[in-house]
Amino acid sequence: MNVTGGFISDERREIVQSASGSEDPMQIPISSKSPRSTQVHGKGSPVNHDRQSRSPIDGRPKKGGCGGKGTWGGLLDTDSSYALDPNDPNYDSSEEYGHPNARKSAPDFDAFKKKATIIVEEYFATDDVDSATNELKELAMPGYNYYFVKKLVSMAMDRHDHEKEMAAVLLSALYADVIDAPQVYRGFSKLVESADDLIVDIPDTVDILALFIARAVVDDILPPAFLKKQIALLPNDSKGVEVLERAEKGYLAAPMHAEIIERRWRVSKKTVEDVKARINNLLIEYVTSGDKKEAYRCIKDLKVPFFHHEIVKRALVMAMERRQAEDRLLDLLKEVAEEGLINSSQITKGFDRMIDTIEDLSLDIPNAQRILKSLISKATSDGWLCASSLKSLSLEPRKKLLEDNFTRTFKLKSQSIVQEYFLTGDISEVFSCLEAENRTSSGELNAIFVKRLITLAMDRKNREKEMASVLLSSLYFPADDVVNGFVMLIESADDTALDNPVVVEDLAMFLARAVVDEVLAPQHLEEVGSQFLGTDSIGGKVLQMAKSLLKARLSGERILRCWGGGGSSRPGWAVEDVKHKIGKLLEEYESGGDIREAYRCIKELGMPFFHHEVVKKAMVMVMEKKNDRLWGLLAHCFGSGLITMNQMTKGFSRVEESLDDLALDVPDARKQFLAYVEKAKTTG
């Protein structure tokens with residue numbers, strides 16, 4: 001490569017810059033002087049064992065000094081072959097012995113490249129972040145870590161989404177603790193520079209590398225300024241420029257880009273049934289062979305620690321069905337509990353699930369309750385189960401509220417109702433079906449329907465998610481029933497995560513949308529969170545994310561539009577469009593329209609958080625035209641619950657804020673407003 005008149009191979013420059021520990025992400029031009037030049041431009045001498053002002057390799061200026069003609073010099077423009085001079089005012093004794101890469105050479109770099117490739121290959125095979133981290137640390141060559149970044153990403157680019165996600169996760173884990181920021185920066189610089197070469201083997205290089213860069217920015221391991229700085233260093237016709245522009249405009253500039261980028265490669269190919277089948281097979285194999293090590297390995301390979309309670313439950317069922325295998329299965333559970341492979345909460349949850357289903361199990365195993373009690377006793381005495389943390393196990397049949405055939409039938413019919421709604425979008429039909437199936441308006445059945453509605457929507461596209469939110473805001477269920485529905489959703493999130501890896505994000509968005517649509521009040525979030533202790537619990541994560549979404553600027557509009565906005569058939573209206581529609585429907589009603597039609601139009605806007613605009617526009621028209629017809633519409637909407645007290649108050653507040661401007665057209669605007677405020681208070 002020709003740089004300011006000099007030539008040096010790319011690999012040689014990598015060796016020289018890496019060995020120096022350079023943190024400057026920009027490439028430094030090479031001196032136009034002869035590589036063998038001994039001309040001195042600073043302190044030190046050109047002899048072999050003293051610190052030189054120019055590198056014997058490429059004639060660059062010494063560390064800390066300034067370059068002469070034809071060179072760029074600076075604090076980070078260094079070379080691996082300099083010798084330190086104790087008489088130099090810039091001398092730092094820690095550099096002579098403390099710098100791990102002070103005298104690295106080409107053979108060292110070649111060895112590092114080979115070992116880095118092996119580490120990446122093993123990581124993709126094992127998915128063991130800790131092992132990869134330790135192996136990279138043991139290489140003890142931090143000056144070459146930029147190459148590891150480059151190798152990891154370039155190898156992942158030619159593999160499946162699973163490996164791409166693994167690479168992004170490993171980079172985040174290594175950042176700062178193992179690989180410092182300048183090395184990460186430089187690694188991505190090298191990747192961008194080599195985009196023209198990568199595209200020969202990987203046709204999708206532009207899109208994939210752009211997404212890696214965007215992910216690094218979102219994960220805070222690469223500064224956003226990286227994109228503009230690198231574009232300035234690249235030729236206009238290079239693929240690297242396309243990569244950076246795609247990262248900036250195609251990914252980082254998109255609405256809610258962080259969530260989109262983080263979800264891009266998180267594709268789960270496991271289903272609940274697949275995992276259950278694998279668990280069943282490994283337990284049968286263990287009972288047959290008695291090989292604990294193989295069973296231990298199989299459990300670890302499942303990589304579903306949040307679903308380990310299923311292993312406990314199935315092992316207990318098998319122990320009850322095959323009494324001769326009881327000791328062997330309990331021995332396995334004891335070992336995995338003591339080794340920490342299955343944690344105590346998963347052990348407890350597995351036993352609790354057995355207690356919940358013991359009545360059904362008793363139909364096939366007559367002494368199921370007595371046997372389970374015996375298993376609990378043995379596990380407790382062996383010290384790997386805390387019996388006091390379990391649900392109570394009564395030997396008398398327990399009466400479960402609504403857990404009978406009627407409830408099971410309702411769950412099945414709820415699923416049919418929701419599926420039919422996703423096909424037709426007919427909310428009135430949902431009302432009719434629910435009235436027929438839940439004649440007593442049972443709160444528990446309402447909660448079950450909420451859970452079923454959102455569960456089915458999460459497994460579908462944005463259209464169905466938007467339809468689910470619209471339906472939820474139209475049902476007018478009591479807030480407590482909706483809260484209980486969300487609690488049930490979060491409780492089952494561990495299982496749902498097998499089919500939907502982003503269940504936390506989806507639930508947080510549904511919860512935030514429920515607040516925006518005023519299905520729930522903000523204080524109900526705390527009620528949901530109180531059911532799940534600790535910020536590390538799924539409930540804590542959902543609550544924290546929902547609060548973050550609601551605190552964001554223009555959160556109402558953003559949350560409304562996240563799935564398309566404005567209802568199942570309206571793909572995200574702009575605010576101005578909605579204001580225009582509100583003005584038009586009010587004008588039509590004011591000129592003699594039907595109150596039921598006006599009510600329907602307001603409801604079909606699907607924007608209950610924006611009903612304060614209806615109040616404001618109606619009040620302004622009432623005061624301008626001195627016509628109380630629109631006042632009657634507001635009273636009707638408030639009385640039926642379509643416009644809430646909060647939206648009504650907000651609408652009046654907005655009118656009050658605009659009274660000075662309104663007074664230019666309506667001189668007695670303030671007097672009229674105060675009169676209407678009193679009238680509103682009088683009528684409640």
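Tyr 421 is found in helix α20, which covers residues 405-424; helices here are DSSP runs of H or I with at least four residues, strands are runs of E with at least two, and both are numbered from the N terminus. With a relative accessible area of 2%, Tyr 421 is buried. Which residues does Tyr 421 touch, once its neighbours within four places in sequence are left aside? They are Asp 426, Ile 427, Val 430, Met 467, Ala 468, Val 470 and Leu 471, where contact means heavy atoms within 4.5 Å. Leu 471 stands 50 residues from Tyr 421 along the chain, and their C-alpha atoms are separated by 9.1 Å.

A word on the model itself: it is predicted, so local features need pLDDT of at least 70 and side-chain atom pairs count only at pLDDT 80 or more, while totals for chains, interfaces and linings use all residues. Residues are numbered from 1 along each chain as its sequence is written, and side-chain values use heavy atoms, with hydrogens and water left out.

Now step back to the whole chain. Its secondary structure comes to 36 helices and 2 strands. Of its 684 residues, 46% count as buried. Among contacts with a separation of 6 or more, 72% join residues 24 or more positions apart. The accessible surface comes to about 33700 Å², and carbon and sulfur atoms hold 51% of that area; such areas come from the Shrake-Rupley method with a 1.4 Å probe, and for residues only the protein chains shown count as cover.

Side chains of opposite charge can pair when their charged atoms come close. The whole structure has 27 salt bridges, each being a side-chain nitrogen of Lys or Arg within 4 Å of a carboxyl oxygen of Asp or Glu. One of them joins Arg 246 and Asp 207, at 3.2 Å from N to O. Because Arg 246 lies in helix α11 and Asp 207 in helix α9 (residues 205-218), the pair ties together parts that are 39 residues apart in sequence. Arg 246 is partly exposed at 36% relative accessible area, and Asp 207 is partly exposed at 24%.

Glu 310 and Arg 314 also form a salt bridge, with their closest N and O atoms 2.5 Å apart. Both lie in helix α15 (residues 308-321), 4 residues apart, or about one turn of the helix. Glu 310 is buried at 2% relative accessibility, whereas Arg 314 is partly exposed at 25%.

In the bridge between Asp 219 and Arg 215, the closest N and O atoms are 2.9 Å apart. Arg 215 is buried, with a relative accessible area of 4%, and Asp 219 is partly exposed, at 23%.

Asp 237 is found in the loop between α10 (225-233) and α11 (239-252), and its 68% relative accessibility makes it exposed.

Notes
Buried means under 20% relative accessible area, exposed over 50%, partly exposed in between (1.4 Å probe, protein chains only).
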